[in-house]
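Me: I would like a close look at a single part of this model. Please keep the answer connected and brisk.

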Amino acid sequence: MVIFIDELGTHKQSDHSTNALVYVEIKNLEKFESEIAKLVEKLDMDTFHWADHGWKVRNKFLEGASELSFTFKIGVFKNPAKVDEMTEKVFQHLITEEKITNIYIDGKKPNWYERKLKKVLRDKKISVKKLRTVRKAGAPAGLQLADALAGLVRYHFDNPSGEDAKRWFNKFKRDKKLSSQFILT
């Protein structure tokens with residue numbers, strides 16, 4: 001199993017912060033990567049990044065991605081006074097699988113962020129050598145999907161009446177792609 005981690009909004013002082021984890025089984029990873037690459041090419045872009053697109057493109061990306069085999073978990077929390085402690089709690093609740101081969105984190109994270117994640121991994125007896133930080137350029141397909149899901153979830157919680165976000169969030173829940181969510185305050 002490969003885990004892709006992306007989060008949005010932890011730097012903001014209002015609304016919500018979102019951590020999203022996307023799990024892709026190793027046996028499907030090559031097919032998954034290929035299908036996301038086809039989807040991104042069909043949308044005439046190099047990579048998908050939530051913040052770079054409006055709902056027209058987001059809907060097309062989510063439509064294509066929804067047909068793929070993946071599950072994800074989310075942690076949503078209002079911006080806490082101690083972001084590092086809340087981040088550790090999110091990781092403790094969301095990373096529960098035993099047979100993890102790699103964990104990819106989106107972008108360059110602060111040292112405290114990586115230390116918290118490594119602590120959680122060590123506590124769960126998962127080798128920290130499995131942890132990889134990847135920049136957006138040339139991001140693996142799983143990170144592009146994690147970015148889309150983190151963006152979707154954050155938008156859904158910040159704008160509960162937003163029809164597009166509500167529709168996709170509910171579809172992922174119905175299809176059992178959203179396997180668990182943790183709302184932390």
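In which strand is the place of serine 179?

Reply: Serine 179 sits in strand β6. Keep in mind that this is a predicted model. β6 covers residues 178-184.

Serine 179 has a relative accessibility of 43%. That value lies between the 20% and 50% limits, so serine 179 counts as partly exposed.

Next, its surroundings. Leaving aside neighbours within four places in sequence, serine 179 is in contact with Phe72 and Lys73. Phenylalanine 70 is 109 residues away from serine 179 in sequence. In space, the two C-alpha atoms are 9.9 Å apart.

The loop between α6 and β6 holds lysine 176. Its phi is near 60 degrees, a positive value in a residue other than glycine. Lysine 176 is exposed, with a relative accessible area of 64%. Aspartate 44 also has a positive phi, about 60 degrees, although it is not a glycine. Aspartate 44 lies in the loop between α1 and α2. At 70% relative accessibility, aspartate 44 counts as exposed.

Now the core. Phe72, a contact of serine 179, is part of the largest nonpolar core, which has 28 residues. Phe61, Phe70, Phe72, Leu152 and Phe172 touch the most other members. At least two residues come from each of α1 (26-42), α2, β3 (71-78), α5 and α6 (163-174). α5 gives the most, with six residues. A second, separate core has 13 residues, among them Ile3, Ile5, Ile103 and Leu131.

Not counting residues up to four places away in sequence, leucine 152 touches Trp50, Trp55, Leu62, Ala165, Trp168, Phe169 and Phe172. Histidine 156 is found in helix α5. Histidine 156 is buried, with a relative accessible area of 12%.

Take α2 and α6. Their axes come within 11 Å and cross at roughly 10 degrees. The two helices are therefore roughly parallel to each other. On the α2 side, the contact uses Trp55, Asn59, Leu62, Glu63 and Ser66. On the α6 side, it uses Asp164, Ala165, Arg167, Trp168, Lys171 and Phe172. By class, this contact has five nonpolar, two polar and four charged residues.

Then take α2 (residues 55-66) and α5 (residues 141-158). Their axes come within 11 Å and cross at roughly 120 degrees. An angle of 65 to 115 degrees would count as roughly perpendicular, and one over 145 as roughly antiparallel. α2 and α5 are therefore oblique to each other. α2 passes α5 in a left-handed crossing. Trp55, Phe61, Leu62 and Ala65 of α2 make the contact with Gln144, Leu145, Ala148, Leu152 and Tyr155 of α5. By class, this contact has eight nonpolar, one polar and no charged residues.

Two α2 residues tie these contacts together. Trp55 and Leu62 take part in the contact with α5. Trp55 and Leu62 also take part in the contact with α6. Leucine 152 touches both of them.

Technical notes: Residues are numbered from 1 along each chain as its sequence is written. This is a predicted model: local features need pLDDT of at least 70, side-chain atom pairs count only at pLDDT 80 or more; totals for chains, interfaces and linings use all residues. Side-chain values use heavy atoms; hydrogens and water are left out. Axes are lines fitted to C-alpha atoms, for helices over the stretch in contact, and angles run from 0 to 180 degrees between N-to-C directions. Helices (H or I, at least four residues) and strands (E, at least two) are DSSP runs, numbered from the N terminus. Angles under 35 degrees count as roughly parallel, over 145 as roughly antiparallel, 65 to 115 as roughly perpendicular and the rest as oblique. A crossing is left-handed if the near helix is turned anticlockwise from the far one by less than a right angle, and right-handed if clockwise. Contact means heavy atoms within 4.5 Å. Ala, Val, Leu, Ile, Met, Phe, Trp, Tyr, Cys and Pro count as nonpolar, Asp, Glu, Lys and Arg as charged, and the others, Gly among them, as polar. A nonpolar core is a set of buried Ala, Val, Leu, Ile, Met, Phe, Trp, Tyr and Cys residues joined through side-chain atoms within 4.5 Å. Buried means under 20% relative accessible area, exposed over 50%, partly exposed in between (1.4 Å probe, protein chains only).
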